[in-house]
Amino acid sequence: MAKCEVCGKGITVGIKLSHSHIRTKRTWSPNLQRVKAIVDGSPKRIMVCTRCLRSGKVQRAI
């Protein structure tokens, strides 16, 4: 679900390390926005990460 439809960026998994060195698993989710964009010539709502929005990979529909 948490995946950019333009670049494919998704959830990454890592380890949280406390001061007492207890290691627990955690996840990082991409910053996704639901935007109306032009896809194949017609407007469509897609989930896009903010990196793709900022870099201009997505043409917004007005």
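This is a predicted model: local features need pLDDT of at least 70, side-chain atom pairs count only at pLDDT 80 or more; totals for chains, interfaces and linings use all residues.
Me: Where is His21 found?
Reply: His21 lies in the loop between strand E1 (12-17) and strand E2 (23-28). E1 and E2 form a hairpin with five residues between them. In that turn, His21 has a positive phi of about 65°.

Me: In what sense do E1 and E2 pair?
Reply: Antiparallel, over six bridges. Take Ile15: its bridge partner in E2 is Lys25.

Me: What about Leu17, which strand is that in?
Reply: Leu17 is in strand E1. Its relative accessibility is 48%, so Leu17 counts as partly exposed.

Me: Which residues does Leu17 contact, leaving aside neighbours within four places in sequence?
Reply: Ile22 and Arg23.

Me: New topic. How many residues are in the largest nonpolar core?
Reply: It has 10 residues. Among them are Ala2, Leu32, Val35, Ile46 and Val58. Strand E3 (32-39) and strand E4 (42-49) are the elements that give two or more residues to this core.

Me: Cys49 is in that core too. What does Cys49 touch, not counting residues up to four places away in sequence?
Reply: Cys49 touches Cys4, Cys7, Asn31 and Leu32. Of these, Cys4 and Leu32 are listed in the core as well.

Me: Back to His21. How far apart in space are His21 and Ser42?
Reply: They are 52 Å apart, C-alpha to C-alpha. In sequence, His21 and Ser42 are 21 residues apart.

Me: And Leu17 to Asn31, what separates their C-alpha atoms?
Reply: 23 Å, with the two residues 14 apart along the chain.

Definitions and conventions:
Residues are numbered from 1 along each chain as its sequence is written. Side-chain values use heavy atoms; hydrogens and water are left out. A nonpolar core is a set of buried Ala, Val, Leu, Ile, Met, Phe, Trp, Tyr and Cys residues joined through side-chain atoms within 4.5 Å. Buried means under 20% relative accessible area, exposed over 50%, partly exposed in between (1.4 Å probe, protein chains only). Helices (H or I, at least four residues) and strands (E, at least two) are DSSP runs, numbered from the N terminus. Contact means heavy atoms within 4.5 Å. Two strands pair if DSSP finds at least two bridges between them.
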